[in-house]
There are 2 protein chains.
Amino acid sequence: MKFVLGVDAGGTSTRALAVAADGTVLGAGRAGGANPNSHPPAEAAANLAAAIRAATGVPGRASACVIGMAGTAKLTDPAVAALFERTWSDLGLDRVVVLTDAEVAFAAATDAPDGTVLIAGTGSIAGRIRKRRMVATEGGYGWLLGDEGSGFWLGREAVRATLAALGRDGDLGPLATAVLAEAGVDATDRKYAWRRLITVANAEPPVRLARFAPLVAVDDPAAADIVERAADLLVATALATREPGEDTPVVLVGSVLGDGTRVGERVRAKLAGLEVRTSSDGVLGAAWLAAVEAFGEAAARRPG
Amino acid sequence: MKFVLGVDAGGTSTRALAVAADGTVLGAGRAGGANPNSHPPAEAAANLAAAIRAATGVPGRASACVIGMAGTAKLTDPAVAALFERTWSDLGLDRVVVLTDAEVAFAAATDAPDGTVLIAGTGSIAGRIRKRRMVATEGGYGWLLGDEGSGFWLGREAVRATLAALGRDGDLGPLATAVLAEAGVDATDRKYAWRRLITVANAEPPVRLARFAPLVAVDDPAAADIVERAADLLVATALATREPGEDTPVVLVGSVLGDGTRVGERVRAKLAGLEVRTSSDGVLGAAWLAAVEAFGEAAARRPG
């Protein structure tokens, strides 16, 4: 029986799906993270192999394998590239395509070959997609230099708004109250709370500020202002990758832009008039792209 | 002979000045940093004592001693406070006043008891001064949460502007060229340079982004835009500490706001109509405040 492999290699886990030509899911595998930026390359490669083997006993029989991976830039290192080549070879795979996580996320949401992918999780980036490949990006500088509208950014703005509230007279609103509770800071003495919140925020790795991001969902004008600015920044980032008059879909990816999130809601409102889709699962996009690779676009079936 | 002691306890060095009642400088001392936030408190106290002893053989005879110090919040720790009390006692000093670096910087620039101090070095903060004491602040959140318009902020914006330039077609301007040279990144391959600049910026402690700050002085519209935004943010921070119609001096402090700096120039232009002064040397303010403490305001003479 002909089948293909789709893999989503994330920072914390890797998932693999074996899918028959008619779309039937034959097996699923899971292993630890396989992002070669955040894991030693040998560990990333081993986790990839483990997830693929768990999805099918005989990976080498797959007609094609598409892997979506954050941190593909690392593969430009010849030693890392050679290590991954050996991994495919050991699995018996002779047709492996490594794509970015953004590319498989785009393919998971739409059959369209061209469009825009907008990602906002802990970080943020937008990509111009042409023929299902990302040909240009906007943003993606990382937390220190950018990531506007991301979970890191939302959390930082929530803490900043709380510091400003502590410096003013009057009652603390729901956002400030929620931030202080999350940080474990008592607000009885405001000067103390101000200093303590800065200390707490600086005591952990900076990206951990993203833990305050979900708090912007509280009903508070200060929170609504942060959500609005995040949505404006993310929409501007996405639109910067599009050509004048471009009429392709925009695919939203990541925890900040999920259905039901405040920021996602505002981004969808601001993009009204465009086709906007939500990508839920990159591994489904990888499996479909593998089917397109193996059987051609007309014959390829999505998993399910 | 009656004399007073003024001390400026900074992060990298501590300076002490012994000044006679008529303003004659009797002696000067210097030692390592004495900020109890960035040094172990025992080391900070020892450096303070060394600088004071070097300024005068008999510190105990001083009529008053004023110390300007960043990180005074640390002195709310009873153990640290006790350590510093012992240090004064060992020196024979019975009249010691510890103030913030902002307070001595304000006093260095003006006789006025009330006003605004605006500091922009690696970080940024503004303070409302009443009777020569800082009674409220604006900003001062530190690099992770704020420091708008500071050296850190300017450096980060310079790097961001360079990343944006690398992502566009066309020649790189003077700012981007200077940033890439400072970072040691070759721009022949722009995609590589983009990734490499992000890597270099993240390879050092974040505040080291301040090393790119001086580059905004180049003649380039991108640099001018950063300077203008920094000046707007700093002016807004300063004005937020002032009461409606307040007609007191604004004292500018720090490397970003020095005479002849681009940001300082734009801040002075935006504050036209107010009395704006530049504080050059906190130790002179500390010595004068010590004289005010010892001899009263009418009799106090500034060093010189």
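Colleague: Let's start with A:Arg132: buried or exposed?
Modeller: Keep in mind that this is a predicted model. A:Arg132 has a relative accessible area of 9%, and the cut-off for buried is under 20%, so A:Arg132 is buried.

Colleague: Thanks! Where is A:Arg132 found?
Modeller: A:Arg132 is in the loop between strand 7 (124-130) and strand 8 (133-139) of chain A.

Colleague: And what is phi of A:Arg132?
Modeller: Phi of A:Arg132 is near 65°, a positive value in a residue other than glycine. Most residues other than glycine have a negative phi.

Colleague: Nice. Over in chain B, what about phi of B:Asp147?
Modeller: That phi is near 60°, and here too the value is positive in a residue other than glycine. B:Asp147 is in the loop between strand 8 (133-139) and helix 4 of chain B.

Colleague: Is B:Asp147 buried or exposed?
Modeller: B:Asp147 is buried, since its relative accessible area is 8%.

Colleague: While we're in chain B, which residues of helix 5 are buried?
Modeller: Helix 5 of chain B covers residues 174-183, and its buried residues are B:Leu175, B:Ala176, B:Ala178, B:Val179, B:Leu180 and B:Ala183.

Colleague: What covers them?
Modeller: The cover includes helix 4 (151-167), helix 6 (190-202) and helix 7 (221-239) of chain B.

Colleague: And which residue follows helix 5 of chain B?
Modeller: B:Gly184 does, with a positive phi near 70°.

Colleague: Back to chain A, please. Where is A:Val218?
Modeller: A:Val218 is in the loop between helix 6 (190-203) and helix 7 (221-239) of chain A. With 24% relative accessibility, A:Val218 counts as partly exposed.

Colleague: What is A:Val218 in contact with, leaving aside neighbours within four places in sequence?
Modeller: A:Val218 is in contact with A:Pro174, A:Leu175, A:Ala178, A:Ala223 and A:Arg262. As for A:Ala176, its C-alpha is 10.0 Å from that of A:Val218, while the two residues are 42 apart in sequence.

Colleague: New topic: where is A:Gly6, and how accessible is A:Gly6?
Modeller: A:Gly6 belongs to strand 1 (residues 3-9) of chain A. At 0% relative accessibility, A:Gly6 counts as buried.

Colleague: Which residues is A:Gly6 in contact with?
Modeller: Beyond its neighbours within four places in sequence, A:Gly6 is in contact with A:Arg15, A:Ala16, A:Leu17, A:Val66, A:Val283, A:Ala286 and A:Ala287. There is also a C-alpha to C-alpha distance of 8.5 Å between A:Gly6 and A:Ala64, which are 58 residues apart in sequence.

Colleague: And A:Asn47, where is that one?
Modeller: A:Asn47 is in helix 1 (residues 41-55) of chain A. Its relative accessibility is 17%, so A:Asn47 counts as buried. Leaving aside neighbours within four places in sequence, A:Asn47 is in contact with A:Thr14, A:Ala31, A:Gly32, A:Gly33 and A:Ala34.

Colleague: What about B:Asn47?
Modeller: B:Asn47 lies in helix 1 (residues 41-55) of chain B and is buried, with a relative accessible area of 17%. With neighbours within four places again left out, its contacts are B:Thr14, B:Ala31, B:Gly32, B:Gly33 and B:Ala34.

Colleague: OK, so what rotation superposes chain A on chain B?
Modeller: A rotation of 180° with a shift of 0.1 Å along its axis does it, giving an RMSD of 0.0 Å. The two copies are therefore related as by a two-fold rotation axis.

Colleague: Which residue of chain A comes closest to the rotation axis?
Modeller: A:Leu144 does, with its C-alpha at 4.2 Å.

Colleague: And through which surface do the copies meet?
Modeller: They meet through the same surface, because 100% of the interface residues of chain A are also interface residues in chain B.

Colleague: Last bit, the overall picture. How many helices and strands does chain A have?
Modeller: Chain A has nine helices and 10 strands. Of its 304 residues, 51% are buried.

Colleague: What is the radius of gyration of chain A?
Modeller: Chain A has 21 Å, which agrees with the value near 19 Å that a compact globule of 304 residues would have. The C-alpha atoms fill a box of roughly 70 × 45 × 35 Å along the principal axes.

Colleague: And how far apart are the mean positions of the positive and negative charges of chain A?
Modeller: They are 2 Å apart, for 31 positive and 35 negative charges.

Conventions:
Residues numbered from 1 in each chain as written. Chains lettered and ligands numbered in written order. Predicted model: local features only at pLDDT ≥ 70, side-chain atom pairs only at ≥ 80, totals over all residues. Heavy atoms only, no water. Helix = DSSP H or I, 4+ residues; strand = E, 2+ residues; numbered from the N terminus. Rg over C-alpha atoms; globule rule 2.2 N^0.38 Å. Buried < 20%, exposed > 50% of the residue type's maximum accessible area, 1.4 Å probe, protein only. Lys, Arg positive; Asp, Glu negative; His and termini not counted. Charge placed at Lys NZ, Arg CZ, Asp CG, Glu CD. Contact = heavy atoms within 4.5 Å. Least-squares fit on C-alpha atoms with pLDDT ≥ 70 in both.
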